[in-house]
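Biologist: I am new to reading protein structures. Could you walk me through one, feature by feature?

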Amino acid sequence: MKKIVLIGPVYPYKGGIAHYTSLMYRALAKKFDVELISYKMQYPKFLFKKEQRDYRNDMFKVEGAQFLIHTANPLNIIGVARKIRQCRPDLVIMQWWHPYFAPCYWILETALGKKIKKMFVCHNVFPHERFPMDKLLTKLVLKKADFFLVHAKSDGEDLLTIKPDAQFRHNPHPTYNAFQVHGLNKEQARQMLSYNIDEKLLLFFGFVRDYKGLKYLIQAMPILKQKIEGIRLMIVGAFGKDKDDYLELIKRCGVQDCIEVIDGYTPDNEVEKYFAACDLVVLPYESATQSGIVQIAYGFDKPVIVTNVGGLPDVVTDNQTGYVVEPQNPEKIADAVIRYFQHHMETEFVENVRKEAYRFSWDRMTEKVEELLADE
C-alpha cells in the first residue's frame, strides 16, 4: 500500500479548507496509508484577528492528526520536513489557497528534496483578492511541485501560465455531505428557524466578502418581493467591517421585512438547519474559482443559482441543477428565482442534483490522485 502524507488545516481549525482536508483524508485512507499533518500555528494573530479554531463540534475531527507546522518558523518547517522524509512517503499532498503560505511551503518543498513527489490541491491558484507579488509567490512554490489537482478549468489555465508543463487533473470540488447530522427535512428545519412551510426561502451562506456579490442579491429582493408572495432571504455568515453598509442597503431597498441576517461563524453542527430549510442557495459572486458552498448545497440536494464566473459554471448545469446567470446583475438573479418558483422546478432539479452524485464524489477525487501517481 502506497503511503501519503496529507498537509492542511483540520479540526479544530474553522472553514471550508479544514472541512475539505478532513474529508480528503477519509477518502484517501480507503486506498492508501495516510498520515495527516496540520498546523500548530496557521496564521499570526496580526494577520487574522478572529478566532481561528472552533471546538464546539468535532464532526470533522481526524484521530491521529499531528499539529506540527508553524507556518512562520523556518526551523520548525525544516524539522517537519525531516520527519516526513523519515516516513518515506510516495506522495506529499498540500492544500494551496493563498500566497501567505508560499514561504512555508517553499521551505518545506526544498527541505523534502527532489526524490519525494509533491502535489498541490489548488483550491484557487491565485487568491480571490489579488495583491502585488501574489503571482510571483505562487510561481515560486507551485513550480517545485510534481502534480496538481484543480477544481475549476480556469484554475488549470492559471496554473499553466506559471508552469506550462504542469501535470494536473481537473476534478470538480467533491460534495460536502457530512453536515447531515440530524437528517432534518425542510419542515423540521423551518420549525427550528421559525419559518412557515409555504414561504419561498433563499439562502446566502458563508463569509461575507465584497467579491461574493451579496449586494446584487439584496438589490434583487425588491423585484422578488413584488413578484413572489412569501419570498424570504437568509444571509448566514460572518461579516467584516462593512456590515453596516449591507444593513443600510437592505434598508434603502425596503426589504427589511423579507431578509434575515444571521451574523457570525456557523458551527459545523448548525449548518444543517439552514440548508435543509431553504429552497434555493444563491451565490451571486463577482469572481470565483470554485466554491464549497455549492457542494454543501448539493449534499442537501439543494439546487443553486450561481453567476457565470470562474469555475462555478463547471459544477452547475444550467436549467438542470440550477441556473447560471450574468454576474453583477440583480435583474438576472431575480429572473432565475422567479423562473424556479413559477415553473415549479424543485422536483426536477433535486432529481438532477442526485444524478450528479458520482461526478462530485470523493471516490472520484481519489481516482484522480491514483491516476497522477500511476503516470509518474
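Predicted model: local features only at pLDDT ≥ 70, side-chain atom pairs only at ≥ 80, totals over all residues.

Biologist: What lies between strand 9 and strand 10 in their β-α-β unit?

Modeller: That is helix 8 (residues 243-253), and the unit is right-handed.

Biologist: In what order do the six strands of that open sheet come?

Modeller: Read across, the order is 10-9-8-11-12-13, with parallel pairing. Strand 10 (259-263) and strand 13 (322-325) are the edge strands, each pairing on one side only. From one strand to the next, the twist averages 20°. Helix 7 (residues 214-227) packs on this sheet, where it touches strands 8, 9, 10 and 11, and its direction makes about 165° with that of strand 9. Helix 12 (residues 330-342) lies across strands 8, 9, 11, 12 and 13, running at about 160° to strand 13.

Biologist: And how is the open sheet of seven strands arranged?

Modeller: Its order is 3-2-1-4-5-6-7, and the pairing is parallel. Strand 3 (66-70) and strand 7 (167-170) each have a single partner strand, so one side of each has no neighbour in the sheet. Neighbouring strands are turned by 25° against each other on average, direction ignored. For a close look, find strand 5 (residues 118-122) and strand 6 (residues 147-150), joined by four bridges; Phe120 stands opposite Phe148 there.

Biologist: Now the charged side chains. How many salt bridges are there?

Modeller: Side chains of opposite charge can pair when their charged atoms come close. The count here is 16 salt bridges. One of them joins Asp54 and Arg56, at 2.9 Å from N to O. Asp54 is buried, at 9% relative accessible area, whereas Arg56 is exposed, at 54%.

Biologist: Which parts does the pair of Arg354 and Asp301 tie together?

Modeller: Their closest N and O atoms are 3.0 Å apart. Arg354 lies in helix 13 (residues 346-355) and Asp301 in the loop between helix 10 (292-299) and strand 12, so the pair links parts 53 residues apart in sequence. Salt bridges with shared partners also join Lys186, Arg190, Asp279 and Glu346 into one network.

Technical notes:
Residues numbered from 1 in each chain as written. Heavy atoms only, no water. Pairing = 2+ DSSP bridges. Helix = DSSP H or I, 4+ residues; strand = E, 2+ residues; numbered from the N terminus. Axes fitted to C-alpha atoms, helices over the stretch in contact; angles between N-to-C directions. Contact = heavy atoms within 4.5 Å. Right-handed = clockwise from strand over helix to strand, strands pointing away. Salt bridge = Lys/Arg side-chain N within 4 Å of Asp/Glu carboxyl O. Buried < 20%, exposed > 50% of the residue type's maximum accessible area, 1.4 Å probe, protein only.
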